[in-house]
Every structure is written in structure tokens, then in C-alpha cells.
Amino acid sequence: AAAIASLAAASACGGGGTPAALIIYEAHTAGVVNIFTIDPTTASSKQITHGDAFDGNPAWSPDRKHIIFSSNRNQEDVRMNEILLMDTDGRNVRNLTNTEKGSEWSPKYSPDGARISYAVATGAGAYHLGLMDADGSNQQNVAGPYRFVEFPSWTRDGREVFFSAI
């Protein structure tokens, strides 16, 4: 897990305050998890999402124009997360998944930005690795079932996805 975290942080850095320079992260403040950015040069932090829902597991699109994340903001059951997409300023939020009796989290773009990998929990208690096109279409479970899945990460050439599962 440490190697994956180091890779994510290194790829999110750049310098200069532009989206390419900012690091995106989640933080628990005032009893809720929201998404923030921080400039590694100035340490200036900005909250991107607001509200009482869980908004976490953020990841940049390769072109740095969008952020994907998991959230329970559109769910009656707070344990159920969907994958959402937003502009870098937190606006224009839209659902990519809408799974009844299921939950998705930990989304990661492929290096070319065409696909997204993510963790999936079905209502039956099984966990899978999911893949979909970047617009949310062609959702499919490609590995599993497992007892748990987390941390999908693409190879640099985008041909494989590594993940943790039990």
C-alpha cells in the first residue's frame, strides 16, 4: 500500500498552483469526509466538496480537467457509495454509477483516460474489481467475487490493473 500511495502522490505533484501542480486528498473535518486540494509549493489548501455526505477516494483525470470520487450523497443508505465525476472546482457533479443495493469506491483512471477501474460491493456481500468507460458506460465486473477488494492501480501502459483482494 505504501508503494501505491507514493506513486499517487508523486504523480499528483508539479508546482505552480495549476491543477497539474495540486495534490488532491480527502480529509475528515467537522464529522464528515470531504475532498481538498493542496499546493505542495505554498501549502495552500482548498476544500472542493462541501456537505454532510461522504466524499472521498478522489483521483485526477489524466488531463487534470476532472476529479472522480466516491460518495454517498445520492444514497438513502450511507454505507452505499457511487462513483461521481466533477470539474476541478467541484462544480458540474454527475453520477457515473447508480447501482441499486451495491456500492463502488476507489476509482482510478487508466493512463489514457478512456477507462476507470474501481472496487465494487454487491448487495449479496461479494466484492469485485469493476471497469467502465470514462463516461460511465460499459460497466462490468472483471474479477471476483472476493471477500474484499481495494486499491486498484493501472500499469503505466494501461494494459493491466493491480488491486488488493482477499
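The dialogue below takes up labels used for a predicted model and the values behind them.

Biologist: Why is Ser106 called buried?

Modeller: Ser106 has a relative accessible area of 4%. Buried means under 20%, so Ser106 is buried. Ser106 sits in strand E8, residues 103-109.

Biologist: What makes the phi of Ser106 worth a remark?

Modeller: Phi is about 60° there, a positive value, although Ser106 is not a glycine.

Biologist: Which label does Asn92 get, and why?

Modeller: Partly exposed, because its relative accessibility is 47%. The label covers values between 20% and 50%. Asn92 also has a positive phi, near 60°, and is not a glycine. Asn92 lies in the loop between strand E6 (82-87) and strand E7 (94-95).

Biologist: Why is Ser103 called buried?

Modeller: The relative accessible area of Ser103 is 5%. The limit is under 20%, so Ser103 is buried. Ser103 too belongs to strand E8.

Biologist: How do you know that the side chain of Ser103 makes a polar contact with Asn81?

Modeller: A polar atom of that side chain lies 2.8 Å from the backbone nitrogen of Asn81. The cut-off is 3.5 Å, so the distance falls within it. Beyond four places in sequence, Ser103 is in contact with Arg79, Met80, Asn81, Ala119, Val120 and Ala121.

Biologist: What makes Arg73 and Asp55 a salt bridge?

Modeller: Their side chains meet at 2.6 Å, N to O. The rule asks for a nitrogen of Lys or Arg within 4 Å of a carboxyl oxygen of Asp or Glu, so the pair counts.

Biologist: What makes Arg91 and Asp89 a salt bridge?

Modeller: The N to O distance is 3.9 Å. That falls within 4 Å. Arg91 has a relative accessible area of 59%. Exposed means over 50%, so Arg91 is exposed. Asp89, at 36%, is partly exposed.

Biologist: How many salt bridges does the rule give?

Modeller: Four.

Biologist: Why are E1 and E3 called edge strands?

Modeller: The open sheet has the order E1-E2-E3, with antiparallel pairing. E1 (23-29) and E3 (45-47) each have a single partner strand, so one side of each has no neighbour in the sheet. Neighbouring strands are turned by 35° against each other on average, direction ignored.

Biologist: How do you know that E1 and E2 pair?

Modeller: Seven bridges join E1 to E2 (residues 32-38). Pairing needs at least two, so E1 and E2 pair. Thr29 stands opposite Val32 in E2.

Biologist: What makes E12 and E13 a pair?

Modeller: Four bridges join E12 (residues 149-154) to E13 (residues 161-165), and the strands run antiparallel. At least two are needed, so E12 and E13 qualify. Glu150 stands opposite Ser164 in E13. Their hairpin has six residues between the strands, and Gly158 takes a positive phi near 75°.

Note on methods:
Residues numbered from 1 in each chain as written. Predicted model: local features only at pLDDT ≥ 70, side-chain atom pairs only at ≥ 80, totals over all residues. Heavy atoms only, no water. Helix = DSSP H or I, 4+ residues; strand = E, 2+ residues; numbered from the N terminus. Axes fitted to C-alpha atoms, helices over the stretch in contact; angles between N-to-C directions. Buried < 20%, exposed > 50% of the residue type's maximum accessible area, 1.4 Å probe, protein only. Polar contact = N/O pair within 3.5 Å; in protein donor to acceptor, adjacent residues only side chain to side chain. Contact = heavy atoms within 4.5 Å.
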